Amino acid sequence: MTEAAPQSQFLSLHLLETLAAVLPVRDENAQPKTLVFGGVERHMITSQARRRAERVHARNRANDGRGALKGRSMGVRTREWALLAGRELESGHGWEKEKALDTARAVMEGSGLKFGDVQKRTVANLTKVLIFAPSDAGVRIADYIAAHTEEVEDWRSTYREAQAQAEAAKKARRTPKKKSASPAETDQPDETTAAEPASPSPLPPLPKAIRDAVLLALAPRDAVDIALYGRFLAEIPDSPNVDGAIQTGHAFSVHEAEQIEDFYAAADDAKLDRKRNALTFLDSADDAGAGMTGYQSLISGTFYRHAVLDRTQLRVNLRAAGMTEEEAETAASEAEQEFVNAFVEAFPEAKKNSTASTGSLPALVLAFEGERPYNYASAFQRPVDEGPISAGGEGPAGPAAVRRLLRHHTFVSHRREDLRTARVLTYDPEIDTLLGELTLPETLTVVERAEDLTP
């Protein structure tokens with residue numbers, strides 16, 4: 001039995017996809033995001049939107065018992081950890097609702113996390129920032145609180161009392177003093193003026209054992225998607241951050257931006273039913289206009305996107321989470337398979353019900369290993385000219401982009417010794433025929449399944 005060839009540190013993925021009348025990501029004005037590249041405006045699908053779609057896709061598959069990561073611990077990114085811990089105290093340990101929520105928030109505040117304004121109910125129990133932590137973090141915090149109820153409650157009572165004193169002192173400082181009735185009275189002490197409030201006692205620190213339990217619950221631990229995508233939590237300096245193993249570029253159209261403003265009209269069912277069954281002239285003469293009208297911007301085109309997996313960083317992250325070398329190797333191999341699957345399958349869900357965008361399949365996926373990342377965006381610096389080939393154009397953007405990408409890779413692979421193997425996958429029969437016509441390097445293999453893109 002021959003040994004498998006050693007893997008390179010980086011797995012580079014490149015994808016071309018053709019989309020029609022979609023809006024997967026918008027700016028603050030509800031307009032498609034764009035960038036200027038090669039002297040023309042292009043449509044852009046941001047890496048943030050792509051990464052979230054891929055991360056949630058992998059997490060859902062794992063939680064459903066599907067895919068390479070089935071049964072593995074995964075993460076959740078939310079501001080609601082105090083709510084989740086409070087609900088667990090209430091449902092799992094029988095605590096009263098208000099007490100459970102207040103205690104959970106207090107211990108997380110004491111750990112260094114900042115919460116919303118207590119005067120605003122909608123954000124009072126939400127952390128200021130999203131926290132990416134293992135999905136069982138709320139349960140672990142609640143379990144610790146329940147197991148150390150007396151110690152936690154003693155601290156919480158002192159903590160809330162000190163907070164109330166501090167708030168009262170702050171309010172007193174903001175209240176203006178009464179002005180004297182006349183200049184002659186300025187030399188006389190004002191007996192009606194309240195004494196200056198005493199300095200409030202400092203907030204009691206959270207006992208170290210409790211704080212350690214909260215930080216451990218929120219630590220990345222064995223959540224595989226945190227090892228893949230990383231996390232940064234600046235509010236707690238001694239909480240471990242993770243440098244992600246995945247680098248993702250913004251997707252952009254390989255040609256100049258193409259956008260339409262779609263006018264739509266929505267019918268009012270109740271009004272139409274009344275008109276349809278009208279028994280009087282007044283009912284039948286009701287306003288015939290639409291129930292609601294508006295515009296939405298939609299984009300079409302062929303997009304190039306790129307991501308790279310740092311296999312070494314992934315294994316470092318898994319080892320730092322407490323896995324043995326053997327466990328980390330197994331988990332890293334499974335994570336790589338699921339990452340490739342998510343890169344191919346996942347798509348941002350904005351406007352999915354009105355555009356069916358999530359049903360898109362890539363025209364081409366190119367995967368190869370190397371000793372450094374390789375980004376092929378420069379292959380599309382000159383925008384694709386979709387004019388007829390007979391007139392000097394490149395024809396439809398999809399096949400034209402495939403020819404450019406593979407020609408670019410062939411050119412680079414002849415000059416870089418570390419590009420030893422490459423694999424391509426297509427879901428487009430026209431592109432499949434094109435692959436048979438192109439002169440491809442011997443190191444490039446055409447595969448039929450996403451699972452075969454990575455060894």
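1. The second largest pocket of this predicted model is lined by 16 residues, and those nearest its centre are Arg77, Phe132, Tyr229, Gly230 and Arg231. Its space amounts to about 350 Å³. Grid points are joined across faces, edges and corners, and a volume is the space filled by probe spheres set on the points.

2. Helix H1 (47–63) and strand E5 (131–134) each give at least two residues to the lining of the second largest pocket. H1 contributes the largest share, four residues. Helices (H or I, at least four residues) and strands (E, at least two) are DSSP runs, numbered from the N terminus. By class, this lining comprises seven nonpolar, three polar and six charged residues; here Ala, Val, Leu, Ile, Met, Phe, Trp, Tyr, Cys and Pro count as nonpolar, Asp, Glu, Lys and Arg as charged, and the others, Gly among them, as polar.

3. Phe132 also takes part in a charge–ring contact: the charged end of Arg55 sits over its ring, 4.9 Å from the centre. The criterion is NZ of Lys or CZ of Arg within 6 Å of the ring centre and within 35 degrees of the ring normal.

4. The largest pocket holds about 530 Å³ of space. Its lining has 17 residues, of which Arg105, Glu109, Val118, Gln163 and Glu167 are the closest to its centre. H3 and H5 are the elements that give two or more residues to this lining. By class, five of the lining residues are nonpolar, four polar and eight charged.

5. Glu109, from the lining of the largest pocket, forms a salt bridge with Arg160 (3.3 Å, N to O). Because Glu109 lies in helix H3 (residues 97–110) and Arg160 in helix H5 (residues 149–174), the pair ties together parts that are 51 residues apart in sequence. Both Glu109 and Arg160 are buried, where buried means under 20% relative accessible area, exposed over 50%, and partly exposed in between (1.4 Å probe, protein chains only).

6. The whole structure contains 24 salt bridges, a salt bridge being a side-chain nitrogen of Lys or Arg within 4 Å of a carboxyl oxygen of Asp or Glu. Another of these joins Arg211 and Asp238 (2.7 Å, N to O). Arg211 lies in helix H6 (residues 208–218) and Asp238 in the loop between helix H7 (224–229) and strand E6 (246–248), so this pair ties together parts that are 27 residues apart in sequence. Asp238 is partly exposed, at 47% relative accessibility. Salt bridges with shared partners join Asp102, Arg105, Glu109, Arg156 and Arg160 into one network.

7. Asp64 and Arg66 also meet in a salt bridge (3.7 Å, N to O). Asp64 counts as exposed at 53% relative accessibility, whereas Arg66 is partly exposed at 41%.

8. There are eight aromatic pairs by the ring rule. Phe368 and Tyr374 form a tilted pair, 5.9 Å centre to centre with 55 degrees between the planes. Phe368 is buried at 1% relative accessibility, and Tyr374 is buried at 6%. Ring pairs also link Phe37, Phe252, Tyr304 and Phe380 into a cluster. Rings of Phe, Tyr and Trp (its six-membered ring) pair if their centres lie within 6.5 Å; planes under 30 degrees apart count as stacked, over 60 as edge-to-face and the rest as tilted.

9. One cavity of 30 Å³ or more is found in the whole structure. The largest cavity, with a volume of about 30 Å³, is lined by Glu17, Arg305, Val344, Glu345, Ala346, Phe347 and Ser360. Three of its lining residues are nonpolar, one is polar and three are charged.

10. Ala21, in strand E1 (residues 10–22), is not a glycine but has a positive phi of about 50 degrees; Ala21 is partly exposed at 30% relative accessibility. Arg221, in the loop between H6 and H7, likewise is not a glycine and has a positive phi of about 45 degrees. Arg221 counts as buried at 14% relative accessibility.

Methods. Residues numbered from 1 in each chain as written. Predicted model: local features only at pLDDT ≥ 70, side-chain atom pairs only at ≥ 80, totals over all residues. Heavy atoms only, no water. 1 Å grid on protein atoms, 1.4 Å probe; cavity = no way out; pocket = protein on both sides within 12 Å on 5 of 7 lines; lining within 4 Å.
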